[in-house]
Amino acid sequence: MPTAHQEAGEAQVVVVGAGFSGIGAAIQLRQAGFRDLVVLEKAGELGGTWRDNTYPGCACDVPSALYCYSFTGNPGGRRVFAGQREICDYLRATACRYGVDEVLRCGVEVRRAVWDASAGRWLLETTDGACTARALVLATGPWHCPRWPEIPGLGSFPGPVLHTSRWNESVELSGRRVAVVGSGASAIQLVPAIEARAAAVHLFQRTPQWVLPKPDVAIPPAVNWCLSRVPGLHRAVRAGQYGMQEAFVYAFRHPPLARLLQSAARAQLRLAVRDRELRRVLTPHYTMGCKRLLSSSTYFPALAKPHVHLHPTAVVAVEGNEVVGADGTREASDAIIMATGFHIGELPLAGRVHGGDGRTLADAWRGGREAYLGTMVSGFPNLFLLLGPNLLSGATSAVTVLEAQLTYVCGALHHLRREGAASLDVAPSVQASYNSAVQKALRTTVYNAGGCASYYFGPGGRNDFCWPWSTGRLVRLLSRFDPAACT
Ligand SMILES: Cc1cc2nc3c(=O)[nH]c(=O)nc-3n(C[C@H](O)[C@H](O)[C@H](O)COP(=O)(O)OP(=O)(O)OC[C@H]3O[C@@H](n4cnc5c(N)ncnc54)[C@H](O)[C@@H]3O)c2cc1C
């Protein structure tokens, strides 16, 4: 349970959100000696992404030995790529093992945060009353707000309409004609998982995706036994998987190499899909890596089945029980599933976090989201973003990045404590020159030069999602807090 001090509404550190980032923050900060801390989570339980995305087939696409905290692996994992339930169980078990439960308050939403310069504190309004914090860590996640496309007539569709991230298990798909809107990361997991029970699946694809084979095999119990008992083995496997993911990241910085990888995706498509026309509409015209890298060995075989139909068109309307494509396709359906992803990078709290001069984060980001090392934003003292702008790429494990950020946050808080200073704010000039270097380096990467539109680009037309260099370089930069960057 939170301490009496915290119950009274004061904490040294308030962490908002209890997904991978918030749980990791609680563990690393407590281990670094910041025990006066509280984690506020608006949902009824922890888990974030892995609590919310319960659609059939949901799993990680970075191997699990890498997609977990470095300090505790997932012994007993059943597959190379863990499924949603397993990841959720892992997060619950880790939170319990490291005492996060003691500082976690679920069912409390942070509504507003205002920096009080005279007190050197953040004043928070929550659904459970007001509280203050010396430092505020926003761990509210980039993949949190589902994107519902505005489709005329959708509201009067007579059957159920679901979003992959707000699944409803009571909706029966057996024997139904199911329309799936979108062909990204969620769709390629969902379609193979539901097609066997559906009478027909109609997949509406706006843009084809490069899909590499996914080596998702079961892990024999003996291997798990060794992983949890042989010293250093888990770390070695993790290092190997890190190296493999970094090879992709390297290729994404060198588009000719990324184009070489496309032959593996083409070969898998040719083996699974005999129909030449279907292959044609499934082949992208942009360079691999321009959108998030996808992997699946079951997606193309599912699309080759006679009751699964790919419609290479955007959905423009729903009329009665018919889903209408821009090319005139009309498909009568019993259920519609939106596999349309998220408002990536749109931090709902951004409009309600007020910095030193009263401006909100949303005001500061009007020209595009930017931060220093994706973590600190000039004008917002003692505020730390986890998985903030320009930190990720199409193949990195988010956990590697957020752990590195937490090393930086701990360094900043140690500095505050040591120096007895009230606040730390990154200098505007430091933030500006850092971001111009990031944008310059992005220009030649496949993310910017690959010839596609992607969620890596914010509303201002700037890539505010991707990190342009190696993950190792990011980890090195975040490994030491640099007080000289701050005012
Ligand atoms: C289907 C899917 C598969 C993915 N697979 C991978 C993968 O293989 N590898 C990878 O690296 N990444 C993957 N991701 C990205 C994934 O989101 C991140 O890896 C990671 O889980 C993000 O964790 P987080 O804690 O930052 O955010 P989240 O998990 O989104 O957690 C944020 C939490 O903040 C809470 N919250 C939000 N606002 C408030 C508020 N105002 N007050 C209180 N609480 C609030 C939310 O309820 C939520 O619990 C995947 C994402 C999805 C959707």
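The model is a predicted one. The ligand is surrounded by 32 residues, and α2 contributes the most to that shell. Strand β14 pairs antiparallel with β13 and is also joined in the antiparallel sense to β15.

**Shell around the ligand**

- Of the 32 residues that surround the ligand, the closest are G17, G19, G48, C60 and G141.
- Two or more residues of the shell come from each of α2 (20-31) and β2 (37-41).
- Helix α2 supplies three residues, the most given to the shell.
- By residue class, the shell holds 16 nonpolar, twelve polar and four charged residues.

**Strands β13 and β14**

- Four bridges link strand β13, residues 315-319, to strand β14, residues 322-325, and the pairing is antiparallel.
- Within this pair, E319 lies opposite E322 of β14.
- The two strands make a hairpin with two residues between them.
- In the turn of that hairpin, G320 has a positive phi of about 60°.

**Strands β14 and β15**

- Strand β15, residues 330-332, runs antiparallel to β14 and is joined to β14 by three bridges.
- E322 stands opposite A332 in β15, and E322 of β14 is also the residue opposite E319.
- The hairpin of β14 and β15 has four residues between its strands.
- G328 in this hairpin adopts a positive phi near 95°.

Methods: Residues are numbered from 1 along each chain as its sequence is written. This is a predicted model: local features need pLDDT of at least 70, side-chain atom pairs count only at pLDDT 80 or more; totals for chains, interfaces and linings use all residues. A residue is near a molecule or strand if its C-beta atom, placed from the backbone, lies within 6 Å of it. Ala, Val, Leu, Ile, Met, Phe, Trp, Tyr, Cys and Pro count as nonpolar, Asp, Glu, Lys and Arg as charged, and the others, Gly among them, as polar. Two strands pair if DSSP finds at least two bridges between them.
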